[in-house]
Amino acid sequence: MLTASGLKKRFDRKAPAALDDVSFSVEAGEIYGLLGHNGAGKSTALGIMLGMVFPDEGEVLIGGKSVQRERQAALSQVGAIFESPAFYEYLSGWQNLKVLTAFSGGVDRKTMEEVVEWVGLSKRIRHRVGTYSHGMRQRLALAQALLPRPRVLILDEPTDGLDPEGIVEFREQLFELREKSGVTILLSSHLLSEVEQVCDRVAILQAGRKVYEGATRGLGGEGQLYRIETASADDLAKARKLAEPKSILAGPGDDLFVFPADADPAGFLADLVNAGVKVRQFVRLESTLEDLYLEVSQIRRDRNQEPKSA
C-alpha cells in the first residue's frame, strides 16, 4: 500500500546525508512504525511521503501512485498528522475543520459530527482552539486527518500530549480504524512500549540509514534472537553457513541469529561445536522492542566508532 524505494536526501553537501538509500514497504491494513533517534531521518522520510520534501533519489508509491510524479493522485489517499499541527486559534474546533476540509472539496456535516465524536471532542468542538489543551489539539488533528476518509494514515508522534487514558483510547482507535475501515497506518513515535503494542512491524533508522526492519516485540512470536560470539571472523562465517540450511536467519547485527520459534538452539550450538567453531558466547536476547532498539543502536554506534581502513 505504501512503498519507499531507495530514498536519498542531503540538505547540505558538507553534512551527512539525511537519508541514505532507505527502502521499506507497508502492506495494506498494516500498522507500521518508523523509529529512530532525533536526527535519524524520520521527519525527512515523512516529508518525502507527504510531498513536502523532494528526494535526491528514490520515490514513494501510495496505492500504486508516485508521490513524486503523481502527487495529487497519491496524496488524495492520505490523511496525516505531521510535526506540530497548526490551527486558527481564534476559531472553534468545528470552524477549523470546516476551513481545512474546504481545501479538499469539503465534508458533509454528518461525517464531521461522526468523526468529532469518535475522537472524543464533541463537548468542546464549538470552543475556540485557543482554549484547547495540547491533548485536545492532538484529537483535533486526528479528526482533520480522518475527514478525507483516507486509505493511508501517516501519524507523527500522535500521542504527544495525551494522558495515559488518552493513549489507551488512541491505541484502541487505531485498531478500530484498521478492522472496520481497513486503513493502513504508518506512525512515528518515541514511545517504544506503545509502538510495540500497536504496530505489526517497524523500521529503525540510524543516521539516515535503515538498520532494522521486522516484527515488533523484538521478534514477536516469529523467532528467537541470539547473540553468538566466536573466536574469529572465520568462525562466525562458518556459523552463518551452518545456519542457512536450518532456516536460521541473519539478525540485525553480524553476530545476531534469528531462530524459528520451534527451533532448538541447543542443538545448533552442538552442531557448531562439532564443526569446530570456537564459541565464546551463546546468549538469548530479550525480545522487547526496547531491547531490540537499544541493541541495534549500540551496533550502529560501535560501527561508527571503528577506524576506517586505509
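Me: Is phenylalanine 282 buried, partly exposed or exposed?
Reply: This is a predicted model, so the answer rests on computed accessibility. Buried needs under 20% relative accessible area, and exposed needs over 50%. Phenylalanine 282 comes out at 21%, so the class is partly exposed.

Me: Which class does phenylalanine 259 fall in, buried or exposed?
Reply: The relative accessible area of phenylalanine 259 is 1%. The cut-off for buried is under 20%. Phenylalanine 259 is therefore buried.

Me: What geometry do the rings of phenylalanine 259 and phenylalanine 282 have?
Reply: A pair of aromatic rings is described by the distance of the centres and the angle of the planes. The centres of phenylalanine 259 and phenylalanine 282 are 6.2 Å apart, and the planes meet at 70 degrees. Centres within 6.5 Å make a pair, and planes over 60 degrees apart count as edge-to-face. So the pair of phenylalanine 259 and phenylalanine 282 is edge-to-face.

Me: How many residues apart are phenylalanine 259 and phenylalanine 282?
Reply: Phenylalanine 259 is in strand β13. Phenylalanine 282 is in strand β14, residues 279–284. The pair links distant parts of the chain, with a separation of 23 residues.

Me: How many aromatic pairs does the structure hold, and which residues form one aromatic cluster?
Reply: The structure holds 7 aromatic pairs. One of them joins tyrosine 226 and phenylalanine 259, edge-to-face, at 5.2 Å centre to centre and 70 degrees between the planes. That pair links strand β11 (residues 223–230) to strand β13 (residues 256–260), 33 residues apart. The residues of the cluster are Tyr226, Phe257, Phe259, Phe268 and Phe282.

Me: Which ring does the charged end of arginine 240 sit over?
Reply: The charged end of arginine 240 is 4.5 Å from the centre of that ring. Elsewhere, arginine 126 has its charged end over the ring of tryptophan 94, 4.3 Å from the centre. For arginine 240, the ring belongs to phenylalanine 257.

Me: Which element gives the most to the lining of the largest pocket?
Reply: The largest pocket holds about 840 Å³ of space. It has 24 lining residues, and those closest to its centre are Val78, Gly79, Ala80, Gln144 and Pro148. At least two lining residues come from each of α2 (71–75), β6 (78–81), α3 (93–102) and α5 (134–146). The top contributor, with 4 residues, is β6.

Me: How many residues of that lining are charged?
Reply: The lining of the largest pocket includes 16 nonpolar residues. Another 7 are polar. The charged count is 1.

Me: Is glutamate 194 buried or exposed, and which residues does it touch?
Reply: Glutamate 194 is in helix α7, residues 192–198. Its relative accessible area is 8%, so glutamate 194 is buried. Leaving aside residues up to four places away in sequence, glutamate 194 touches Ile167 and Arg171.

Me: Where does glycine 51 lie, and which residues does it touch?
Reply: Glycine 51 is in the loop between α1 (42–49) and β4 (57–62). At 26% relative accessibility, glycine 51 counts as partly exposed. Not counting residues up to four places away in sequence, the contacts of glycine 51 are Val67, Arg71 and Leu75.

Me: What share of the residues in the protein is buried?
Reply: The protein has 10 helices and 14 strands. Its C-alpha atoms fill a box of roughly 75 × 45 × 35 Å along the principal axes. Of the 310 residues, the buried share is 47%.

Key
Residues are numbered from 1 along each chain as its sequence is written. This is a predicted model: local features need pLDDT of at least 70, side-chain atom pairs count only at pLDDT 80 or more; totals for chains, interfaces and linings use all residues. Side-chain values use heavy atoms; hydrogens and water are left out. Rings of Phe, Tyr and Trp (its six-membered ring) pair if their centres lie within 6.5 Å; planes under 30 degrees apart count as stacked, over 60 as edge-to-face and the rest as tilted. Buried means under 20% relative accessible area, exposed over 50%, partly exposed in between (1.4 Å probe, protein chains only). A charge sits over a ring if NZ of Lys or CZ of Arg is within 6 Å of the ring centre and within 35 degrees of the ring normal. On a 1 Å grid over the protein atoms alone, a cavity is a set of points where a 1.4 Å probe fits but cannot get out, and a pocket is an open set with protein on both sides within 12 Å along at least five of seven lines; lining residues have an atom within 4 Å of a point. Grid points are joined across faces, edges and corners, and a volume is the space filled by probe spheres set on the points. Ala, Val, Leu, Ile, Met, Phe, Trp, Tyr, Cys and Pro count as nonpolar, Asp, Glu, Lys and Arg as charged, and the others, Gly among them, as polar. Contact means heavy atoms within 4.5 Å.
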